[in-house]
Amino acid sequence: MLLKKWKSPEKPEVYLFDLEYLAPLQWLTGFVVKSFSKARPYIFIDESHLNHSFSWLQNNQQDSGCFSSVGRLFNNAMKGGVEDEISLSAYITIALLETGIDVQLHWKRDSTPPSEDTYWYRAPSAEVELASYVLLAHLSGPVPDIGKSAKIVNWLNKQQNPYGGFSSTQDTVVALQALAKYSEVTFSDKGDMTVAVNSKSGFHEQFHVDKNNRLLLQKATLSNIPGDYTVTTTGSGCVFVQAVLRYNIPPPKGEATFSLSVKSSSRRECLGDPVSKFEILITASYTGTREKSNMAVIEVKMLSGYIPVKSTIDHNPVNLSFMVEQDIVVKDLKPATVKVYDYYETDEHVSVDYNHPCSNGK
């Protein structure tokens, strides 16, 4: 629909069109999203524009997962002259996948503990367990819903730790049961793939996966960290690729849901001979929004060279004190950490440092 036409000295003719009638918005939006995403490595693209487009496309998606066309296209060359819903849905899906948008499907509780802005996000244990139960439900019906199941599996895989488990015992048991069920439903022994990991610095590693070694864990150590690595695959099948980076940082300080105090005391003055044995006093309580915590765990890291005297360990979860003794002489001792956390709500935690009672530090 032509809305307006005018002339100006700078622009001889200017036209405005109502895009709702000019072109199907899904085709046009998908085309722009695809183009902007490809251009991101070379020019600045406002991420808010892409996010608005993602939201609009998702809001216009049907319950079946397909996209229906909105509006009319006067020149059908842009979309190859096709009018069917399947081609449109395939085009939009490809555009979204090429942008790197997450296809995660999971569920959250109405009330969850506040999550911290840390270097690595891990979903709460209860949400992993909830998503796993839903996955089992989708796979246990007369006709398994592979489409939704694949999205849930994709999200669950991102929550897995490097050892194949999750946050706690319960969510690990249910999640592994659900993932095993998914593997059973989608199993095929015809896969044969080669996965190559390369970097510009010259690193090159290849992994071959087929029906004979599909259960074998294959791994390699990356040569340079940090670095840019590219993963490419050839062949047919499905493989799970995971990158693991481990490093130590001081515990983040934030609003705590536990109260924790730690003191170290010696039964004699810090004079003359070095103190090789001292007592650690711990007081902990739950201060979160719930009436009480779940099973809480207190982790006490040892100062370098010290070990706990097992006969003095008190299992009272509120007030703890036990002796530690020097096992190896270590100079220039650094503080150690005591941490208390909810076993099933690992976002609820607090950490406190303690030092040797004869240390100059606090």
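Does K277 count as buried, partly exposed or exposed, and at what relative accessibility?

1. In this predicted model, K277 counts as partly exposed, its relative accessibility being 41%. Its side chain meets that of E325 in a salt bridge, with 3.7 Å from N to O. This pair links distant parts of the chain, since K277 belongs to strand 7 (residues 277–286) and E325 to strand 10 (residues 319–326), 48 residues apart. E325 is likewise to be read as partly exposed, with a relative accessible area of 29%. With the cut-off for a salt bridge set at 4 Å, the 3.7 Å separation of K277 and E325 falls within it.

2. Before going further, a word on confidence. The protein chain has a mean pLDDT of 78, and 79% of its residues reach 70 or more. Over residues 1–23, however, pLDDT stays under 50, and the model has 38 contacts beyond four places in sequence for that stretch. Residues 74–82 also stay under 50, with 12 contacts beyond four places in sequence. Where pLDDT is low, the predicted coordinates should not be read in detail, so I would ask that the contacts of residues 1–23 and of residues 74–82 be treated with that caution.

3. The count of salt bridges comes to three. Besides the pair described above, R40 forms a salt bridge with E47, where the closest N and O atoms are 3.3 Å apart. R40 is partly exposed at a relative accessible area of 30%, and E47 is partly exposed as well, at 36%. The side chains of D332 and K334 also meet in a salt bridge, at 2.8 Å from N to O; here D332 counts as exposed, with 62% relative accessibility.

4. Turning to packing, the largest nonpolar core has 20 residues, of which L260, V262, F278, I280, I282 and Y354 touch the most other members. Two or more residues come from each of strand 6 (258–265), strand 7, strand 10, strand 11 (336–342) and strand 12 (345–354), and the largest share, five residues, is given by strand 7. Leaving aside residues up to four places away in sequence, L260 touches I282, T283, A284, V338, K339, V340, V350 and V352. A second, separate core consists of 16 residues, among them L136, A175, A178 and Y182. In soluble globular proteins, nonpolar side chains tend to be buried together.

5. N213 itself lies in the loop between strand 4 (204–210) and strand 5 (229–236). Not counting residues up to four places away in sequence, N213 touches H208 and Q218.

Methods: Residues numbered from 1 in each chain as written. Predicted model: local features only at pLDDT ≥ 70, side-chain atom pairs only at ≥ 80, totals over all residues. Heavy atoms only, no water. pLDDT = per-residue confidence, 0-100. Contact = heavy atoms within 4.5 Å. Helix = DSSP H or I, 4+ residues; strand = E, 2+ residues; numbered from the N terminus. Buried < 20%, exposed > 50% of the residue type's maximum accessible area, 1.4 Å probe, protein only. Core = buried A, V, L, I, M, F, W, Y, C linked by side-chain atoms within 4.5 Å.
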